[in-house]
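Colleague: Please walk me through this one, and keep it short.

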Amino acid sequence: KMDKKLTGKEGDTKQTNITKENCSPGGYEYLDHPADVQIHSWGPDIKVAFEQCAVGMFGYMTDLSTVSIEEGRVMEISAEGHDLESLLFSFLDEFLFVFSSDYFICKEVKITSWETEETADERLIKVTAQGFGEDFNLEKHPQGTEVKAITYSAMDVK
């Protein structure tokens, strides 16, 4: 189980639209916060919890039921961190960059590799993931709340 709180812009709460048919065996929810958005995500393992956290971030920006998964439209990201919190920060930041630079909205996220390298002095966790979805289009996708940045505020990975 992972508890993750993602902060973005404004403290609006939304209901998730997670069903057995449209997600992996995990989920997410939005938590109340006076200034930011916080996402609590979970799954049977840490990979699914990370994936759900990213999907939750995209779900805060638009209604994911309006997003299609276009065949052949996959965005791949790589992220790394020295612990789970820094890895999650980097993971979400990379997906936020994909949205901000390419206007690509992910309906599903799948981690394809997870490696841990340890030396006597440090630990480095590296992940690669794919996001499946389509280009964001205001005529099709309702505009939710913009996520401007990922922060460590209230971040907790268990």
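**Rings, sheet and loops**

Colleague: Start with F95. Buried or exposed?
Modeller: F95 counts as buried, at 0% relative accessibility. Buried means under 20% relative accessible area, exposed is over 50%, and partly exposed is in between, with a 1.4 Å probe and protein chains only.

Colleague: What kind of model is this?
Modeller: This is a predicted model, where local features need pLDDT of at least 70, side-chain atom pairs count only at pLDDT 80 or more, and totals for chains, interfaces and linings use all residues. Residues are numbered from 1 along each chain as its sequence is written, and side-chain values use heavy atoms, leaving out hydrogens and water.

Colleague: How many aromatic pairs are there?
Modeller: The count comes to 8 aromatic pairs. Rings of Phe, Tyr and Trp (its six-membered ring) pair if their centres lie within 6.5 Å; planes under 30 degrees apart are stacked, over 60 edge-to-face, the rest tilted. In the pair F50 and W114, the ring centres are 5.4 Å apart and the planes stand at 75 degrees, so it is edge-to-face.

Colleague: Which elements do F50 and W114 lie in?
Modeller: F50 lies in helix α1 and W114 in strand β4 (residues 104-118), so the pair ties together parts 64 residues apart in sequence. Helices (H or I, at least four residues) and strands (E, at least two) are DSSP runs, numbered from the N terminus. F50 is buried at 0% relative accessibility. W114 is partly exposed, at 22% relative accessible area.

Colleague: And how are the rings of F91 and F95 arranged?
Modeller: F91 and F95 pair edge-to-face, at 5.3 Å centre to centre and 80 degrees between the planes. They are 4 residues apart in helix α2 (residues 84-102), so about one helical turn separates them. F91 is buried too, with a relative accessible area of 0%.

Colleague: Which residues do the ring pairs link into a cluster?
Modeller: F50, F58, F91, F95 and W114.

Colleague: Now the core. Which residues have the most contacts inside the largest one?
Modeller: M57, F58, F91 and F95, in a largest nonpolar core of 38 residues. At least two core residues come from each of β1 (27-31), α1, β3, α2, β4 and β5. A nonpolar core is a set of buried Ala, Val, Leu, Ile, Met, Phe, Trp, Tyr and Cys residues joined through side-chain atoms within 4.5 Å.

Colleague: On to the sheet. What is the strand order?
Modeller: The order is β3-β5-β4, in an open sheet of 3 strands with antiparallel pairing. β3 and β4 are at the edges with a single partner strand each, so one side of each has no neighbour in the sheet. Two strands pair if DSSP finds at least two bridges between them.

Colleague: How many bridges join β4 to β5?
Modeller: 13 bridges join β4 to β5 (residues 123-135). One example is S113, whose bridge partner in β5 is T128. I111 has A129 as its bridge partner in β5. A hairpin of 4 residues joins β4 to β5. β3 pairs with β5 over 8 bridges, also antiparallel, and V74 has F132 as its partner in β5.

Colleague: Last one, T62. Where is it?
Modeller: T62 is in the loop between α1 (46-61) and β3 (74-81). T62 counts as buried, at 1% relative accessibility.

Colleague: What is T62 in contact with?
Modeller: Beyond neighbours within four places in sequence, T62 is in contact with V67, I105, F136, H141, P142 and G144. Contact means heavy atoms within 4.5 Å. The T62 side chain reaches the backbone oxygen of P142 at 2.6 Å. The C-alpha atoms of T62 and K140 are 9.9 Å apart, though 78 residues separate them along the chain.

Note on methods: A polar contact is a pair of N or O atoms within 3.5 Å; within protein, one must be able to donate a hydrogen and the other to accept it, and residues adjacent in sequence count only if both atoms are side-chain atoms.
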